[in-house]
Amino acid sequence: MSTSERFDCHYCKDSLLGKKYIMKEDTQYCTKCYENLFANCCEECSLAIGCNCKDLSYKDRHWHDQCFKCAKCSRSLVEKAFAAKDDLLLCTECYANDYSSKCSTCSKTIMPGSRKMEYKGNSWHETCFLCHRCQQPIGTKSFIPKDTGYFCVPCFEKQFAYQCCACKKAITTGGVTYQEKPWHRECFLCIGCRKQLSGQRFTSRENYPYCLECFSNLYAKKCVGCTKPITSLAGAKYISFEERQWHSECFTCMQCSMSLVGRGFLTKRDNILCTDCGREK
């Protein structure tokens with residue numbers, strides 16, 4: 001037979017005519033050479049995985065199909081769900097018993113792959129995580145912890161939350177108390193300009209809250225000098241004389257503008273003058 005007609009193993013050169021062979025990258029090998037050169041070693045029994053065996057692989061590791069078993073109970077994992085722990089392969093039942101979380105409500109194992117809820121180190125089956133009041137599954141909805149229970153937001157508002165005296169809706173976070181009544185921060189407003197008063201200085205008149213500016217404009221005495229409101233609420237100092245008031249900085253001689261705070265002064269009709277200006281003819 002001519003060389004061009006031969007069909008030999010690429011490695012040992014034995015003829016492959018009439019024999020089983022394996023192709024790898026367009027090159028033919030007899031089964032023995034292929035196993036010696038390319039066969040993977042089984043993780044379980046350390047023997048080569050021959051051409052007549054199934055090669056099962058997971059993360060660059062290989063097993064005979066009969067060696068692909070749970071490391072704890074030895075049940076076959078072929079075509080079954082499994083989990084890995086510290087390089088060991090475990091059936092889902094063994095993994096769950098040894099490593100999975102236990103439901104805080106029913107105390108049963110939460111099986112790998114099943115939906116679960118977690119909060120502050122505790123775990124629940126999705127169907128076991130219930131609102132303490134309505135006993136409906138909370139699922140992915142918002143919830144509020146209270147004492148040893150968990151409440152969906154509507155139930156918490158009905159059972160525990162204060163009602164804002166302005167909008168009558170539940171106050172779930174923060175809030176302001178004024179005259180022993182609860183308010184949302186955004187609802188606690190100046191009765192005059194409707195500006196939020198939370199975190200701001202304010203005063204009241206007839207039980208209504210006012211920002212300092214509105215209160216001053218509406219109710220404060222006016223400075224004779226500048227006609228602007230005088231209020232001690234913002235820490236302003238003022239002078240009072242014969243039922244008239246001045247800001248300290250406005251209490252000046254009508255003629256020379258010298259400050260009269262702490263000084264003697266004279267009056268001429270409705271004007272106030274320093275003693276020097278008052279003596280002039």
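A charge is taken to sit over a ring if NZ of Lys or CZ of Arg is within 6 Å of the ring centre and within 35 degrees of the ring normal. In this predicted model, K24 lies over the face of F38, at 5.0 Å from the ring centre. R205 is placed over the face of Y219, with 4.0 Å to the ring centre.

The UniProt record, in an unreviewed entry, lists residues 40-100, 101-162 and 221-281 as "domain: LIM zinc-binding". Residues 40-100 are 13% helix and 26% strand, and their end C-alpha atoms lie 33 Å apart. For residues 101-162 the end C-alpha atoms are 37 Å apart, with 11% helix and 27% strand.

Aromatic contacts were examined next. A pair of aromatic rings is described by the distance of the centres and the angle of the planes. The model holds 26 aromatic pairs. One of them joins W124 and Y150 edge-to-face, at 5.5 Å centre to centre and 80 degrees between the planes. W124 belongs to strand β8 (residues 122-125) and Y150 to strand β10 (residues 149-152), so the pair ties together parts 26 residues apart in sequence. Both residues are buried. The rings of F251 and F265 have centres 5.3 Å apart and planes at 85 degrees, so this pair is edge-to-face. F251 lies in the loop between β20 (244-247) and β21 (265-268), and F265 in strand β21; the pair therefore ties together parts 14 residues apart in sequence. F251 is buried, at 2% relative accessible area, whereas F265 is partly exposed, at 28% relative accessibility.

Ring pairs also build a cluster. Its members are Y119, W124, F129, F143 and Y150.

Conventions. Residues are numbered from 1 along each chain as its sequence is written. This is a predicted model: local features need pLDDT of at least 70, side-chain atom pairs count only at pLDDT 80 or more; totals for chains, interfaces and linings use all residues. Side-chain values use heavy atoms; hydrogens and water are left out. UniProt positions are given in the numbering used here, feature names are shortened, and annotations may be inferred rather than shown by experiment. Helices (H or I, at least four residues) and strands (E, at least two) are DSSP runs, numbered from the N terminus. Rings of Phe, Tyr and Trp (its six-membered ring) pair if their centres lie within 6.5 Å; planes under 30 degrees apart count as stacked, over 60 as edge-to-face and the rest as tilted. Buried means under 20% relative accessible area, exposed over 50%, partly exposed in between (1.4 Å probe, protein chains only).
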